[in-house]
There are 6 protein chains.
Amino acid sequence: MLRVARRYRFSASHRLNSPLLSDEENTRIYGKCNNPYGHGHDYVLEVVLRGDVDPQTGLLTPLHRLDNYVHQTVLKDFDLKYMNEQIPVFRDVPPTTEFVAVEIERRLSEGWQAVFAGAPQLDAVRIYETRRNSVELNHE
Amino acid sequence: MLRVARRYRFSASHRLNSPLLSDEENTRIYGKCNNPYGHGHDYVLEVVLRGDVDPQTGLLTPLHRLDNYVHQTVLKDFDLKYMNEQIPVFRDVPPTTEFVAVEIERRLSEGWQAVFAGAPQLDAVRIYETRRNSVELNHE
Amino acid sequence: MLRVARRYRFSASHRLNSPLLSDEENTRIYGKCNNPYGHGHDYVLEVVLRGDVDPQTGLLTPLHRLDNYVHQTVLKDFDLKYMNEQIPVFRDVPPTTEFVAVEIERRLSEGWQAVFAGAPQLDAVRIYETRRNSVELNHE
Amino acid sequence: MLRVARRYRFSASHRLNSPLLSDEENTRIYGKCNNPYGHGHDYVLEVVLRGDVDPQTGLLTPLHRLDNYVHQTVLKDFDLKYMNEQIPVFRDVPPTTEFVAVEIERRLSEGWQAVFAGAPQLDAVRIYETRRNSVELNHE
Amino acid sequence: MLRVARRYRFSASHRLNSPLLSDEENTRIYGKCNNPYGHGHDYVLEVVLRGDVDPQTGLLTPLHRLDNYVHQTVLKDFDLKYMNEQIPVFRDVPPTTEFVAVEIERRLSEGWQAVFAGAPQLDAVRIYETRRNSVELNHE
Amino acid sequence: MLRVARRYRFSASHRLNSPLLSDEENTRIYGKCNNPYGHGHDYVLEVVLRGDVDPQTGLLTPLHRLDNYVHQTVLKDFDLKYMNEQIPVFRDVPPTTEFVAVEIERRLSEGWQAVFAGAPQLDAVRIYETRRNSVELNHE
């Protein structure tokens, strides 16, 4: 059993503000990230697969197949977008790195079986918001 | 004569759209960066000084003096901001990497003489918008 | 369950020399790192948390809370210090990357419950001594 | 129990072509990597060890011992080589990142016990083919 | 006057062997890079432009125009190729980083005027063969 | 005319304290870097050469010749050392990045003519003390 990790990049902007918090709490918790005009980052998305090597190809899966899938399900909706307004789920919950990871994992999981038919499996999603912060979500 | 370079980071968002261009031209020239909601980047700013080493300290200048100056003149206005709305000059011209460099060089030059009294001199400003794009502006 | 990783930097110097080894063994095992004057590195510390996302904030914990805790318990004692002399534990054991990780994990664990009250949990500590060497210690 | 990771680099070239696939399938699956003349990469190999800290030295193992072992079993055969022709196993199976990881793990495992006598253990092998692709193989 | 730098990547393989040197000299000068089967690298190409900002667009030139030009004149011939056999000039001279830079600068210069009409100008070409080696060629 | 840049690494420790300044000034100017026990960094040294390509070899100079020269004149004295005590010049002047660059340029210049006989020439020396600070000294 091996793991293959593949990195993608997207640039997006966001504002951290939770409808479940008061204005004062939003300011205290999110600091300058609560700025009403938003701000942006160059996100790195790492998609991790696990499975056995296909003896015919020596690959878990051809990477262009994964690239197409990630482009269709994630990148075309996230790259160069203002997440709060242009990605529906972030009208209700704030686009923190944690919730960005949850949403991307949900999108990748949804159609996975139809495209990859169980081999390889989605193992984990990692999001680097900056060089200092990252979130990892292991797929069950 | 030596050069000292010091790096700073700021996260900001922008939309590329020029009032001097038609909608169609804005779309053709800026592509997805013309997205009306904007998007963001983690910018790296490199400020380059030149001058002689002070024989008493072995430094061109103490870096905390430069750090304070760059923070006051640039970073506190740019970090975690939407440049099109929150930095006045970008209401008139688009916040391309080129114009971001011009504006930052203008801000650094303006009060330089009053703070550094000619030693060291401002040599250049470099902005990395992403790992692939950068702009360098040499101070005359 | 998610993991959040946050990176910190500190510069420190050390000398590798074990009181449990002869001079000859110290030289053979540590090589040039046994130099009596010591030498230094720019360490990267990665603190990994695990837990559930707080539905109100979309965060495992506000990062400024973690930053304050890591600053108080680790960085203020390690940054710009000579570890062998200025961090008490390293008077008895050599400040190898392994023992630096053990000491930092011990400091982070000690007051964790009082500050974070069980959410999130400390998951792991990683120390990169150089770009080539790192140590990971999983918190039980 | 700790993990220590150590990075090595080697430059090598390869051609992706499987004898178990038709010419058309080789082109479809490997794309430009099927180019009959081959092409190359700067690989990064990360060897991960796990074990307990030796209380006398503060180390899992002296790194020069690991360096010698990795040099003898892997690097001297892989660095600056055309893998398809100069590493025997790749005459039969294509030198994909997956199979490069399998071969390196096999070489490291083979003589491990004789050299390290069970402390530390080989934990995992990671190969980064480019900044975007990597493979991880956990040693059982 | 500003400079804009844009980075591209390509993977290629080569063998260093000069027809003007004896076998013994080839071995002595190029060392393991003289291996008859060749080996490869992940090259980074940085193309530097200089000129004035177009006041209408805030750009030296739209980057997609530069990207297309570099793809057509350089990348499509170099990426995933064995330079000694698949790029004609390297049948006569060895594909050292120096000669790779000279060849790329020649290709970029040739049609520059026809595409960019003098604004911006080609300023320099930089090639990073590995993280440790690079060559810079300033365009006159 | 081309430029070739080659990177080297060394780890060293230092204390910033000038005999020409009072204790109070030393504290004010150097801050925590005035810590009497010193601290350390992983320095990157970039040596830049300029000259014409040798038509026989396609190189400015074989890099192993430069590597040997830099090792003999700089690295063997700086790597894993406490500069204040173990490099004579730093008993008199503080080992700031500026003075480290001056000393390294002096060492490289001294025997250059005897080894390289005018081709290539030493063009510049760059020292990166951390990822944020660097000094460049152009050789006249």
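Select Arg126(E): at 24% relative accessibility, Arg126(E) counts as partly exposed (buried means under 20% relative accessible area, exposed over 50%, partly exposed in between, with a 1.4 Å probe and protein chains only). The model is predicted: local features need pLDDT of at least 70, side-chain atom pairs count only at pLDDT 80 or more, and totals for chains, interfaces and linings use all residues, while side-chain values use heavy atoms, with hydrogens and water left out. Residues are numbered from 1 along each chain as its sequence is written, and chains are lettered from A and ligands numbered from 1 in the order in which they are written.

Arg126(E) and Glu46(E) form a salt bridge, with their closest N and O atoms 2.7 Å apart (a salt bridge is a side-chain nitrogen of Lys or Arg within 4 Å of a carboxyl oxygen of Asp or Glu). Arg126(E) sits in strand S4 (residues 121-128) of chain E and Glu46(E) in strand S2 (residues 39-51) of chain E, so the pair ties together parts that are 80 residues apart in sequence. Helices (H or I, at least four residues) and strands (E, at least two) are DSSP runs, numbered from the N terminus. Glu46(E) counts as buried, at 6% relative accessibility.

Stay in chain E and select Glu103(E) with Arg107(E). Their side chains meet in a salt bridge of 2.8 Å, N to O. Both residues belong to helix H4 (residues 97-110) of chain E and are four residues apart, about one turn of the helix. Glu103(E) is buried, and so is Arg107(E).

Move to chain F and pick Asp77(F) and Arg107(F). The side chains of this pair form a salt bridge, 2.8 Å from N to O. The pair links distant parts of the chain: Asp77(F) is in helix H2 (residues 63-78) of chain F and Arg107(F) in helix H4 (residues 97-110) of chain F, 30 residues apart. Asp77(F) is partly exposed at a relative accessible area of 25%, whereas Arg107(F) is buried at 13%.

In chain A, select Lys76(A), Asp77(A), Glu103(A), Arg106(A), Arg107(A) and Glu110(A): a network of salt bridges links them. Over all chains, the structure holds 66 salt bridges.

Now show chain A as a cartoon. Its secondary structure comes to five helices and five strands, in the order β-α-β-α-β-α-α-α-β-β along the sequence. The C-alpha atoms of chain A fill a box of roughly 60 × 25 × 25 Å along the principal axes. Of the 140 residues of chain A, 56% count as buried.

Next, select chain D and chain C. Between them about 1,600 Å² is buried, 50% of it on carbon and sulfur atoms. Leu2(D), Arg3(D) and Gln56(D) are the residues of chain D that lose the most area to chain C, together 30% of what that side buries.

Color strand S1 (2-14) and helix H2 (63-78) of chain D, the elements that give two or more residues to the side that touches chain C. S1(D) gives the largest share of that side, seven residues. S1(D) pairs with strand S5 (residues 133-138) of chain C in the antiparallel sense over four bridges; two strands pair if DSSP finds at least two bridges between them. In this pairing, Glu136(C) stands opposite Arg3(D).

Finish at Val4(C), in strand S1 (residues 2-14) of chain C. Val4(C) is buried, with a relative accessible area of 7%. Not counting residues up to four places away in sequence, Val4(C) touches several residues, including Glu98(A), Ser134(A), Val135(A) and Leu63(C).

Notes:
Buried area is the accessible area (1.4 Å probe) that two parts lose on being put together, summed over both. Contact means heavy atoms within 4.5 Å.
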